[in-house]
Amino acid sequence: MCDVKYKFFDYGTKEMEYLSLADPVLGDVIARLGRVEREVIPDPFSALVYAIIGQLISTNSANTVWKRLQEKIGEITPENFWDFTPDDVKQCGMTMKKAICISDVAKAIVLDDLSLDSLGKLPDIEIIRRLTSFRGIGQWTAEMLLINMERPDIVSWGDIAIRRGMEKLYGTPNLTKKQFESYKNRYSPYGSVASIYLWAISSIPMQTIAETGGNSVSDMKITDEEKWQASCSCNSDYDGRFFYGVKTTGIFCRPSCKSKSPKRENVVFFDTARQAEDSGLRPCKRCRPDLLEFQPLKESADKIKAVCDLYFADRNRLNEELMGLGLSKNRMIQLFKEEYKKTPSEYLNQLRIDRAKELLSHTQNSILQISLQSGFENLSTFYAQFKKVTGMSPKEYRGYQV
């Protein structure tokens, strides 16, 4: 297996001080955590492949597929994919849709239809436009490539962990797009560094951050005895700070796992889930330490919401992405309603109405165009839903705004 080269995202005091002044709430966390490192992949093709793999799955699951892909392909280059079919790529543990997308991108580069090196000279918005022309690459995937390219101002609405970090930081459950944009604007022009901190916040309990007293995350040392006591008491405050493995079962867990406590002599501790997996241990199926934050119902509901947020205006892509989650329609409705107190259809209708309002207020597009651009199936449905929500027709709404 050829190792992919990594480096840390390059930033320093200038960016940290700017963000601290622009957003004192985030600044307090920056002061407590110190510099947070974020690995990036400098090679644009490798970075893009990793981003495609990571679509709507946990980081640890993506790393497992990534490792298998390197074992099968060797060095991650477009030329090395030439001799492998999408089915070969799929066998590494990803969906066929992702495998086809990776193969198509590799082929386009080999045939000189796409030059990732040339993309590096373009502005962010143009890179996103060109990459999203490939089926299977959405805005989140393109934005993750931009992060790996160390573009300075990327904060992705499509990233569940970034949004969860915002929710925890500002105490705003069920973050709206408007709130997200407001925070994002505060971070500019150093949004990428803010994203690095939001990723960290999403996986660390806020109480833990409050107790760091200015020490960095890496400086928060825990003794083995403290880890053992936390594991025996199933203390969730330690989740994300360490993992423990049981040599006799070959399984590793998070501290809060409710499984029967093992004997002390059979337990080993790890700083990360990846270290545990690299040692040959398997993730526990009960506490799922391979997931960023194990809340299975919320995790599924968040994925449904992320798909709706990204593809509400494209009905075909929306249905395709929702089917890819592997949930039945009834189960999807149940999970979403339990978490967000509304059905996916009601949420989609809200997104479409909001988009239509925006287009009616700020463009001269026809009512039919706006109906289609907002994701409504037909004009009559658009009229009925718009009037039901706003109390006026689209034409009346536009006139009222003027």
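Ground rules, quickly. The model is predicted, so local features need pLDDT of at least 70 and side-chain atom pairs count only at pLDDT 80 or more, while totals for chains, interfaces and linings use all residues. Residues are numbered from 1 along each chain as its sequence is written, and side-chain values use heavy atoms, with hydrogens and water left out.

4 strands make an open sheet, ordered 5-3-4-6, with mixed pairing. Strands (E, at least two residues) and helices (H or I, at least four) are DSSP runs, numbered from the N terminus. Two strands pair if DSSP finds at least two bridges between them. At the edges sit strand 5 (267-270) and strand 6 (282-283), each pairing on one side only. Strand 4 (residues 251-253) runs parallel to strand 6, over 2 bridges. There, Phe252 stands opposite Pro283.

Which residues are closest to the centre of the second largest pocket? Trp157, Lys177, Asp309, Phe312 and Leu351, out of 31 lining residues. A pocket, on a 1 Å grid over the protein atoms alone, is an open set of points where a 1.4 Å probe fits, with protein on both sides within 12 Å along at least five of seven lines; lining residues have an atom within 4 Å of a point. The volume is about 1,000 Å³, meaning the space filled by probe spheres set on the points, joined across faces, edges and corners.

Helix 10 (139-148), helix 12 (177-187), helix 17 (296-311) and helix 20 (344-362) each supply at least two lining residues. Helix 20 gives the most, with 6 residues.
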